[in-house]
Amino acid sequence: MTNQLKPELKQFLDAGTFIPAHPLALTADRKLDEQGQRLLTRYYMAAGSGGIAIGVHSTQFEIRDPEINLYETVLKLAAEEIDKANLDRPFIKVAGICGPTEQAVQEAKTALKYGYDIGLLSMGGLQGWTEAEIIDRVKAVAEVMPVFGFYLQPSVGGRIFTYDFWLQFAEIKNVVAIKVAAFNRYQTLDVVRAVCHSSRREEIALYTGNDDNIVADLLTPYKFEINGQKIEKEFVGGLLGHWAVWTHASVALLEEIKNCKANGRSNVTSLLAKGVEVTDMNASIFDPAHAFHGCIPGIHEVLKRQGLMKGIWCLNPDEKMSEGQAEEISRVCAAYPHLIDDDFVKDFLSKQSF
């Protein structure tokens, strides 16, 4: 029997929550830093996240390479820390799922073994596949566990899909959410319009993964007239690499956005201005100036400066920060102190023991 999302978690997901994309903590010799990995999971819980996504792009796709073989390990460590925390609130465990159908189904089964709730299904690395073949793959994974769709931007391994693809995608049973990380307004619109035209539109939560447009995505209502009926949909939360850093401050910002929407969008102008600041901060980490080459090391750099990571090492030794990126991170931290959480992290670290 297909695993379904628990009703209380479905309600929590649909209401909109904060899900950071979990990085990978390594030692100087590029081996797993288990203590550091556990520390990060604790940080996201303490900072108020509504879940985590692990085994995703920010966790580094190389964890699946046979000679590295860390996929199951990182899922297990995060699950152990979440169980140990015994939280008195909902918390959604999302596992990244990649590869051809057989691999994706196996990863979904591994995720279930460790109590994960949803699989974030990447469509990356399938450049030769037809859209019909990819839809069949989604159906196969959805037979195993609930699916979080994922529109990944082409510059980091994704591809462009048609409106019709997303219309078919939205009709698949057990697709519970879609993360739009197209970094493109036209392609974002394709997904939202397709979901609104779907018979399952009430069953699918939209989450932003557009790190370049976080606040605007969360504030924008999408309205369409469909068969004489006005249909409205909006991004309710985010599943973001950007939220892996300065997490406590970002959780507060999401709450501010949700309160703004609940109160008739009364302070929308100031939030949109703050959204520009967030995008500026994201550019320093994600490194669009160099085609996102320093994206993962940029995340690590922020965490290292705060004491949450020992170094910025990646499994791929060629993955390093770009020239001038460290200076850009320093610039935005100085420019937007209200969007960083150094004091929170310092207090958090003072209470940790292993």
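A salt bridge here is a side-chain nitrogen of Lys or Arg within 4 Å of a carboxyl oxygen of Asp or Glu. By that rule, the side chains of K230 and E225 form one, at 3.4 Å from N to O. This is a predicted model, and it holds 22 salt bridges.

Let's look at three of these pairs side by side.

| Salt bridge | N to O distance |
|---|---|
| E81 and R38 | 2.9 Å |
| K230 and E225 | 3.4 Å |
| R305 and E301 | 2.8 Å |

Their surroundings are worth a look too. K230 is exposed, with a relative accessible area of 66%, and E225 counts as exposed at 56%. R305 and E301 both sit in helix 11 (residues 295–306), 4 residues apart, or about one turn of the helix. Within that pair, R305 is partly exposed at 38% relative accessible area, while E301 counts as buried at 8%.

E81 and R38 are both buried. Their salt bridge links distant parts of the chain, with E81 in helix 3 and R38 in helix 2, 43 residues apart.

That brings us to the two helices themselves. Helix 2 (residues 34–46) and helix 3 (residues 71–85) pack at an angle of about 50 degrees, their axes 9 Å apart, and are therefore oblique to each other. The crossing is right-handed. Helix 2 contributes E34, Q37, R38, T41, R42 and M45 to the contact, and residues from helix 3 include V74, L77 and E81. By class, the contact comprises 6 nonpolar, 2 polar and 6 charged residues.

Conventions: Residues numbered from 1 in each chain as written. Predicted model: local features only at pLDDT ≥ 70, side-chain atom pairs only at ≥ 80, totals over all residues. Heavy atoms only, no water. Axes fitted to C-alpha atoms, helices over the stretch in contact; angles between N-to-C directions. Parallel < 35°, antiparallel > 145°, perpendicular 65-115°, else oblique. Left-handed = near helix turned anticlockwise from the far one by under 90°. Contact = heavy atoms within 4.5 Å. Nonpolar A, V, L, I, M, F, W, Y, C, P; charged D, E, K, R; others polar. Buried < 20%, exposed > 50% of the residue type's maximum accessible area, 1.4 Å probe, protein only.
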